[in-house]
Amino acid sequence: MTTAWRDLAVDDAGDLLFEAGDFALVQGDDAIAQECATALRLFVGEYPFDTTFGADWPTLLSTKGIDDAQVDAEIRRVLATVTGVASVDSVQIVRDTATRDATIVVAVIADSGAVLQLEPIALGV
């Protein structure tokens with residue numbers, strides 16, 4: 001049985017999108033991809049209903065000695081909590097060590113078998 005995923009559509013800033021005067025919706029694999037992006041943008045402790053949800057970006061991006069393998073592991077840990085994600089297909093991390101920022105590009109495999117390429121996500125502290 002396949003679950004029909006559906007959620008309110010949001011833009012890259014997390015603001016709700018409207019269509020013809022009503023809330024826009026995303027469905028199926030698009031909803032799963034949106035939830036992945038939302039989970040990766042969320043800092044641990046930021047979500048009041050589950051303070052363990054999200055990524056520990058401040059620590060990972062500002063601590064000396066943290067390597068890409070540790071960032072990759074955190075991305076995979078966060079995405080493992082997203083319903084509808086079977087596995088992480090690929091992770092690319094582009095760091096700017098001077099500003100302690102990073103951009104990540106991730107592809108996941110949905111439960112449906114589809115490979116979902118997420119839009120690049122810029123991270124900074």
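Where does Ala20 lie? In this predicted model, Ala20 sits in the loop between strand S2 (18-19) and strand S3 (22-23). Its backbone has a positive phi of about 55°, although Ala20 is not a glycine. Most residues other than glycine have a negative phi. Ala20 is also exposed, with a relative accessible area of 86%.

**Strands S5 and S6**

Strand S5 covers residues 85-96 and strand S6 covers residues 101-110. The two run antiparallel and are joined by ten bridges. One of the paired positions is Gln92, whose bridge partner in S6 is Val105. In a regular strand the side chains alternate between the two faces of the sheet.

**Salt bridges**

| Salt bridge | Distance (N to O) |
|---|---|
| Asp68 and Arg95 | 2.8 Å |
| Arg76 and Asp72 | 2.5 Å |
| Arg77 and Glu74 | 2.9 Å |

The side chains of Asp68 and Arg95 meet in the salt bridge of 2.8 Å. Asp68 lies in helix H3 (residues 68-79) and Arg95 in strand S5, so this pair ties together parts that are 27 residues apart in sequence. Asp68 is partly exposed, at a relative accessible area of 36%, and Arg95 is partly exposed too, at 30%.

Arg76 and Asp72 are four residues apart in helix H3, which means that about one helical turn separates them. Asp72 is buried, with a relative accessible area of 18%, because the limit for a buried residue is under 20%. Arg76, in contrast, is partly exposed at 32%.

Arg77 and Glu74 both lie in helix H3 as well, three residues apart, again about one turn of the helix. An α-helix has 3.6 residues a turn, so residues three or four places apart point the same way. Arg77 is partly exposed, with a relative accessible area of 37%.

**The surroundings of Glu74**

Leaving aside residues up to four places away in sequence, Glu74 touches Gly54, Ala55, Asp56 and Leu60.

**Helix H1**

Helix H1 spans residues 28-41 and has 14 residues. From its first C-alpha to its last, H1 reaches 20 Å, close to the 20 Å expected at 1.5 Å a residue. Which residues of H1 are buried? They are Ala31, Ile32, Ala33, Gln34, Cys36, Ala37, Ala39 and Leu40.

Note on methods
Residues are numbered from 1 along each chain as its sequence is written. This is a predicted model: local features need pLDDT of at least 70, side-chain atom pairs count only at pLDDT 80 or more; totals for chains, interfaces and linings use all residues. Side-chain values use heavy atoms; hydrogens and water are left out. Two strands pair if DSSP finds at least two bridges between them. A salt bridge is a side-chain nitrogen of Lys or Arg within 4 Å of a carboxyl oxygen of Asp or Glu. Buried means under 20% relative accessible area, exposed over 50%, partly exposed in between (1.4 Å probe, protein chains only). The expected span of a helix is 1.5 Å times one less than its number of residues. Contact means heavy atoms within 4.5 Å.
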